[in-house]
Amino acid sequence: MRPHVVSYNAGISACEKGGQWQRALTLLSELRDVKLEPTPVSYNAGISACEKGGQWQWSLALLSEAWEGHLEPDAISYNSGITACEHSQQWHWFSAMLSEI
């Protein structure tokens, strides 16, 4: 069987729910390695996993990566990024995020 983006998305989402932000990032990387394109769902789950793991830098990096990959971040993407900034008291990033919206 060949891997499918939906399978990766399910794995990334499970990592997010299980507090495994590092594994979520690994799955995102593997997704690209097998020449599949991440979807907004891929990024949202990764951003949320990093946010829940207190990794605001990774949350914002993924948000930026999605944007640069011409995937339109949605309300879920921005909400996770903003929440990550809030929890880490990175108000300057929070302000920049709001101006993007």
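The largest cavity has a volume of about 30 Å³. The model is predicted. The structure holds one cavity of 30 Å³ or more. Helix H5 (residues 75–87) packs against helix H3 (residues 40–52), with axes that come within 9 Å. H5 also meets helix H4 (residues 56–68), with axes that come within 8 Å.

**Cavity**

- Pro40, Tyr43, Asn44, Ala66, Leu71, Glu72, Pro73 and Ser77 line the largest cavity.
- Helix H3 (residues 40–52) supplies three of these residues, the largest share of the lining.
- Five lining residues are nonpolar, two are polar and one is charged.

**H3 against H5**

- Two packed helices are described by the angle between their axes and the distance between the axes.
- The H3 and H5 axes cross at roughly 15° and come within 9 Å.
- An angle under 35 degrees counts as roughly parallel, so H3 is roughly parallel to H5.
- The crossing of H3 and H5 is left-handed.
- On the H3 side, the contact is made by Asn44, Ile47, Ser48 and Glu51.
- On the H5 side, Ile76, Ser77, Ser80, Gly81, Thr83, Ala84 and His87 take part.
- The residues of this contact divide into seven polar, three nonpolar and one charged.
- Asn44 and Ser77 belong to this contact, and both also line the largest cavity.

**H4 against H5**

- The H4 and H5 axes come within 8 Å and cross at roughly 150°.
- Angles over 145 degrees count as roughly antiparallel, and H4 and H5 are therefore roughly antiparallel to each other.
- The crossing of H4 and H5 is left-handed.
- H4 contributes Trp56, Ser59, Leu60, Leu63 and Trp67 to the contact.
- H5 contributes Ser77, Tyr78, Gly81, Ala84 and Cys85.
- By class, the contact of H4 with H5 has seven nonpolar residues, three polar and no charged ones.
- Ser77, Gly81 and Ala84 of H5 touch H4, and these residues are also among those that meet H3.

**Leucine 36**

- Leucine 36 sits in the loop between helix H2 (21–33) and H3.
- Leucine 36 and valine 5 are 31 residues apart in sequence.
- In space, leucine 36 and valine 5 are 6.4 Å apart, C-alpha to C-alpha.
- Neighbours within four places in sequence aside, leucine 36 is in contact with Pro3, His4, Val5, Tyr8 and Leu31.

How values were computed. Residues numbered from 1 in each chain as written. Predicted model: local features only at pLDDT ≥ 70, side-chain atom pairs only at ≥ 80, totals over all residues. Heavy atoms only, no water. 1 Å grid on protein atoms, 1.4 Å probe; cavity = no way out; pocket = protein on both sides within 12 Å on 5 of 7 lines; lining within 4 Å. Points joined across faces, edges and corners; volume = space filled by probe spheres on them. Helix = DSSP H or I, 4+ residues; strand = E, 2+ residues; numbered from the N terminus. Nonpolar A, V, L, I, M, F, W, Y, C, P; charged D, E, K, R; others polar. Axes fitted to C-alpha atoms, helices over the stretch in contact; angles between N-to-C directions. Parallel < 35°, antiparallel > 145°, perpendicular 65-115°, else oblique. Left-handed = near helix turned anticlockwise from the far one by under 90°. Contact = heavy atoms within 4.5 Å.
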